[in-house]
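Subject: Structure handover

Hello,

The structure you asked for is below, with the sequence. My notes on it follow.

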Amino acid sequence: RRLLERISINPQICGGRPCIKGHRITVEQVLDFLASGVAPEELCRERYFPTLTPDDIRACIAFANQLLRSEEIHFFEELAAS
């Protein structure tokens with residue numbers, strides 16, 4: 001729960017997309033890099049986001065997890081087969 005306190009949603013910052021508090025780095029950006037195979041510890045290095053901490057990365061994952069718990073997921077292949 002404390003991890004989620006690291007995420008901020010402000011309509012004046014990044015178009016209201018969820019961001020890491022104090023940064024203009026969106027949760028979506030972090031998750032995209034993780035999904036493309038960039039290791040979490042690498043994301044915190046100079047090449048990507050040197051101002052991030054491992055807890056910031058975990059907060060992004062926790063935020064996405066929280067959203068998925070309240071969503072109904074449909075896969076396109078399953079819908080097409082119906």
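**Overall picture**

Of the contacts in the protein with a separation of 6 or more, 42% are between residues 24 or more positions apart; contact here means heavy atoms within 4.5 Å. Please note that this is a predicted model, in which local features need pLDDT of at least 70 and side-chain atom pairs count only at pLDDT 80 or more, while totals for chains, interfaces and linings use all residues. Residues are numbered from 1 along each chain as its sequence is written, and side-chain values use heavy atoms, with hydrogens and water left out.

The protein has four helices and two strands, and their order along the sequence is β-β-α-α-α-α. Helices (H or I, at least four residues) and strands (E, at least two) are DSSP runs, numbered from the N terminus.

Buried residues account for 23% of the 82 residues. Buried means under 20% relative accessible area, exposed means over 50%, and partly exposed is in between (1.4 Å probe, protein chains only). The protein exposes about 6100 Å², and carbon and sulfur atoms supply 53% of that area. Accessible areas come from the Shrake-Rupley method with a 1.4 Å probe, and for residues only the protein chains shown count as cover.

**Salt bridges**

Side chains of opposite charge can pair when their charged atoms come close. A salt bridge is taken as a side-chain nitrogen of Lys or Arg within 4 Å of a carboxyl oxygen of Asp or Glu. Five salt bridges are counted by this rule.

Arg6 takes part in two of the pairs described here. In one, the side chain of Arg6 meets that of Asp55 at 3.6 Å, N to O.

Asp56 is buried, at 4% relative accessible area.

A further salt bridge joins the side chains of Glu42 and Arg45 at 2.7 Å, N to O. Glu42 is partly exposed at 26% relative accessibility, as is Arg45, with a relative accessible area of 44%. Elsewhere, salt bridges that share partners connect Arg6, Asp55, Asp56 and Arg58 into one network.

**Cys14**

Where does Cys14 lie? Cys14 is in the loop between E1 and strand E2 (19–20). With 23% relative accessibility, Cys14 counts as partly exposed. Leaving aside residues up to four places away in sequence, Cys14 touches Cys19, Arg24 and Thr26. Cys14 and Arg24 are ten residues apart along the chain, and their C-alpha atoms are separated by 6.6 Å. The phi angle of Cys14 is near 50°, a positive value in a residue other than glycine.

Regards
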